[in-house]
Protein chains: 2
Amino acid sequence: MSKTYQRILGSPLPLFITLFTVVLLCLNLNAQDDSLQIRSIYDKALTEGEAYENLRQLCKDVGNRLSGSEGAQRAVEWSKSKMESYGFDKVWLEPLMVPKWTRGDTETCIILPEKTSLKVLALGFSIGTDGPLRGEVVEFETMQALKDAPEGSLNGKIAFLNQAMNPKLISTFSAYGGCSGGRVRGPSVAAEKGAIGFVMRSLGLRADDFPHTGVMYYSGETDSIPAFALSTNAAYYLSKALEKRTVEIVLEANCEFHSDVESYNVVAEITGNQHPNKVITVGGHLDSWDVGEGAHDDGTGVIQSLEVLRLLKENGIEPKHSIRCVFFMNEENGARGGRAYAQACNERNDEHLAAMESDRGGFAPRGFTVDASKVEIEYLAEWVDLLEPYNIHFIKKGYGGVDINPLKEFGTPLIGFVPDSQRYFDVHHTENDVFENVNKRELELGAATMTSLIYLMDKYGMPEKIED
Amino acid sequence: MSKTYQRILGSPLPLFITLFTVVLLCLNLNAQDDSLQIRSIYDKALTEGEAYENLRQLCKDVGNRLSGSEGAQRAVEWSKSKMESYGFDKVWLEPLMVPKWTRGDTETCIILPEKTSLKVLALGFSIGTDGPLRGEVVEFETMQALKDAPEGSLNGKIAFLNQAMNPKLISTFSAYGGCSGGRVRGPSVAAEKGAIGFVMRSLGLRADDFPHTGVMYYSGETDSIPAFALSTNAAYYLSKALEKRTVEIVLEANCEFHSDVESYNVVAEITGNQHPNKVITVGGHLDSWDVGEGAHDDGTGVIQSLEVLRLLKENGIEPKHSIRCVFFMNEENGARGGRAYAQACNERNDEHLAAMESDRGGFAPRGFTVDASKVEIEYLAEWVDLLEPYNIHFIKKGYGGVDINPLKEFGTPLIGFVPDSQRYFDVHHTENDVFENVNKRELELGAATMTSLIYLMDKYGMPEKIED
């Protein structure tokens with residue numbers, strides 16, 4: 001035996017090589033295990049899933065469920081009972097006060113003199129008209145144009161914000177984000193210019209007869225004017241009429257504010273068998289607008305979050321960390337549920353590994369956007385290969401979600417589930433947001449995708465925080 | 001100055017570095033150009049697109065269009081006229097003979113003794129029943145089980161192939177492929193065992209009341225028995241009844257064969273300004289089944305292919321190679337249009353750079369599958385980064401399409417456009433395949449995606465073939 005060979009044998013190199021090989025083999029076996037486990041998660045979601053039937057019950061048996069409504073209370077009871085039926089370790093209600101606003105039974109927009117009725121919905125939190133409200137219409141193509149209108153120029157008139165969502169944006173959420181400020185603050189700005197009423201083009205991308213409601217806020221008492229959304233077709237009709245002549249419309253609605261009422265976040269937990277105080281939260285919002293059935297917004301999100309816990313359990317996965325499913329209350333008009341949950345977590349000294357939200361519709365899954373540190377995003381992104389066979393192509397920097405956002409101040413990585421968004425604003429906040437417009441497989445694939453990422457985070461943990 | 005430095009200056013290295021930098025800059029500028037051009041293609045598709053209105057006309061004004069029908073003839077005329085209206089360089093009809101089969105006006109399946117009527121559609125090319133056809137039902141869960149049935153064991157009986165598409169397969173086309181053989185050959189196999197009729201579970205993934213038709217072929221005269229598809233709900237009902245007792249059903253249909261008739265592929269071309277004889281073909285099939293409106297199958301495919309030419313023109317792109325849009329006839333029951341086109345190309349000595357097909361529905365685009373050499377696939381896959389902003393995540397090995405497949409023998413790289421397939425088999429070959437189930441943006445995004453890849457192939461060409 002040559003000296004060189006002896007020297008190698010005598011050195012720690014062979015041991016190193018052996019160890020290295022063992023590590024590689026382990027990693028490979030782990031990847032195989034994960035791949036098989038994820039396959040099993042998808043299989044169960046697609047063949048024995050309960051998401052679709054649960055969504056049917058929430059949409060059809062409970063119905064829509066605006067914060068403070070009887071529907072919302074029914075939804076809380078249904079959710080708690082459903083969670084309990086699955087035998088998770090803990091199920092509880094987290095009380096919070098929510099606003100109560102009712103639409104009333106009259107909502108009309110009539111063009112004079114022909115008395116054509118335009119399809120319209122009052123915006124959420126709008127005051128009523130206290131009888132017919134008649135005024136000349138002044139059209140603005142952008143929120144900026146409305147802001148730029150001189151003081152007093154809208155005295156006694158009705159502002160018409162005819163701002164279309166930008167169809168060029170591939171993410172329909174970006175197109176929505178570019179216009180939603182006009183809905184939220186438009187009435188207030190119009191009132192400052194003297195307007196007595198506000199109508200806007202609905203925030204939808206398609207030409208149809210279904211107006212989209214959504215929240216708006218007044219700045220104070222003085223800028224409270226009635227506010228409505230016209231269907232996209234109605235907005236087109238009104239705009240065309242304005243090209244030819246001065247137009248007067250008559251608005252009527254009898255919406256009402258009420259005192260805040262008690263409501264609840266509904267929470268279920270599988271308690272971690274190694275780190276019970278370390279939590280991965282997954283959720284959506286239980287409340288919805290008061291038209292349609294809140295199917296995509298956000299029935300699918302809560303039902304998928306529930307299905308995550310059920311799929312973990314059905315797959316015999318006993319998580320190391322506590323996996324908690326939260327049905328947040330009041331996302332649509334106040335986001336108080338998200339804040340209440342973050343506060344409760346803080347008081348309990350829960351330590352969050354991560355939080356995930358599903359609130360972009362129950363469509364075919366495409367990936368995740370992550371609001372976290374670069375290190376955390378890159379760490380999560382490594383797992384995209386395991387999800388690629390299921391048509392998941394990205395885990396990248398982006399928004400988490402409204403309800404989990406208050407957890408950010410405690411350093412929680414926030415993960416937004418991203419389904420395909422092209423059809424979302426066809427139904428969002430309209431009468432069309434019903435169970436029938438949700439596809440069973442797309443819903444199930446989303447639930448399996450969310451479950452798979454949570455399985456991986458629980459198994460391998462998240463990068464340790466480095467204190468600044 | 002040291003000798004070393006002198007040597008470098010005296011060498012061709014600085015020149016090489018300069019040239020290399022110029023090449024890199026050019027590549028980068030090209031990539032920027034391409035990125036801007038592709039953005040413009042999508043912008044025009046999403047804001048000035050004509051695909052949706054054209055699809056409306058095809059679905060609503062023309063309607064369904066089975067080969068040999070009056071609808072198919074109307075479709076040919078509408079297509080030619082539409083292509084001519086866009087002022088492309090050439091528009092022509094390519095004649096071919098197509099089969100003609102008519103459904104008739106009676107289609108029933110009644111369970112005895114309760115006389116419950118089950119939702120049913122005759123399969124394409126089925127013979128009629130010549131009056132009521134009554135028989136005892138024998139159920140098979142797989143095509144293999146039917147094949148394994150002993151000779152004569154079905155004498156005087158009706159075979160029921162109750163094979164469900166596999167919901168675990170993420171690609172619904174794979175699930176379809178796993179069952180479609182049962183539809184195509186099932187009746188023939190059942191007849192060989194003595195059956196007098198054949199019913200099958202529809203090839204759909206959802207539980208509903210809409211039967212799916214589709215083509216079947218007899219092997220000869222002796223195995224011609226009437227063949228039907230039951231809706232998935234009806235198949236479930238029949239199977240449950242069979243769990244309890246012997247079941248007889250009565251089938252009735254008056255389908256008919258006729259002689260072949262002349263029909264046409266409809267073709268439009270923008271002639272290349274550098275290589276007019278080198279062609280990129282893009283197409284879908286103009287014929288459809290005789291129920292619904294052939295919206296997703298394959299109205300969206302032909303309309304998108306037409307939109308490719310229109311978008312190139314509207315963007316001022318003057319292609320080097322001839323870009324040809326083909327509306328293939330007879331994909332559904334014969335695929336004769338694809339063969340006729342390949343033959344005509346061969347006779348004209350057309351040289352194909354590539355052929356692309358859109359025949360998987362008009363849903364949100366996800367990528368392309370390519371049936372070509374490894375070199376060609378890798379070459380195309382380089383462009384996926386340019387399409388990633390539009391949610392296109394793969395260009396990878398896979399199937400091209402039925403209509404372009406005959407071009408393969410001439411060495412043509414075949415490219416299949418891949419939209420999201422989860423909803424496709426909810427509507428495929430049913431009364432539900434109507435315009436209303438197509439989303440405008442998804443259709444437009446698909447057309448822009450196809451146009452972008454064709455723009456790149458035309459600009460940069462394809463890898464030269466190496467003769468074996």
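I am working on a predicted model, where local features need pLDDT of at least 70, side-chain atom pairs count only at pLDDT 80 or more, and totals for chains, interfaces and linings use all residues. Residues are numbered from 1 along each chain as its sequence is written, and chains are lettered from A and ligands numbered from 1 in the order in which they are written.

**Domains of chain A.** I looked up the division of chain A: domain 1 is 45–101 + 259–460 and domain 2 is 104–254. These bounds come from an automatic or database domain assignment. Over C-alpha atoms, I find the two centres 32 Å apart. I then took contacts (C-beta atoms, placed from the backbone, within 7 Å). In chain A, 16 residues of domain 1 touch 18 residues of domain 2. On the domain 1 side, helix α12 (residues 424–427) of chain A gives the largest share, three residues. I sorted that side by class: five nonpolar, seven polar and four charged residues. Here Ala, Val, Leu, Ile, Met, Phe, Trp, Tyr, Cys and Pro count as nonpolar, Asp, Glu, Lys and Arg as charged, and the others, Gly among them, as polar.

**Chain A against chain B.** I find 21 residues of chain A in contact with 21 residues of chain B. On the chain A side, α2 (13–47) and α13 (440–460) are the elements that give two or more residues. Helices (H or I, at least four residues) and strands (E, at least two) are DSSP runs, numbered from the N terminus. That side has seven nonpolar, five polar and nine charged residues.

**Helix α6 of chain B.** I checked its length. The 21 residues, 172–192, should span 30 Å at 1.5 Å a residue, and the end C-alpha atoms are 30 Å apart, which agrees. The expected span is 1.5 Å times one less than the number of residues. I also find a bend of about 55 degrees at B:Arg185, with B:Pro187 following within four residues. The bend is the angle between axes fitted to the seven residues ending there and the seven starting there. Just after α6(B), B:Gly194 has a positive phi of about 105 degrees.

**B:Val247.** I located this residue in the loop between α7 (232–244) and β9 (248–253) of chain B. B:Val247 is buried (20 or more other C-beta atoms, placed from the backbone, within 10 Å of its own), because its count is 21. Beyond four places in sequence, its contacts are B:Ile111, B:Val137, B:Leu238, B:Ala241 and B:Leu242. B:Val137 lies 110 residues away in sequence but 5.8 Å away in space, C-alpha to C-alpha.

Note on methods:
Two residues are in contact if their C-beta atoms, placed from the backbone, lie within 7 Å. A residue is buried if 20 or more other C-beta atoms lie within 10 Å of its own, exposed if 12 or fewer, and partly exposed in between; C-beta atoms are placed from the backbone.
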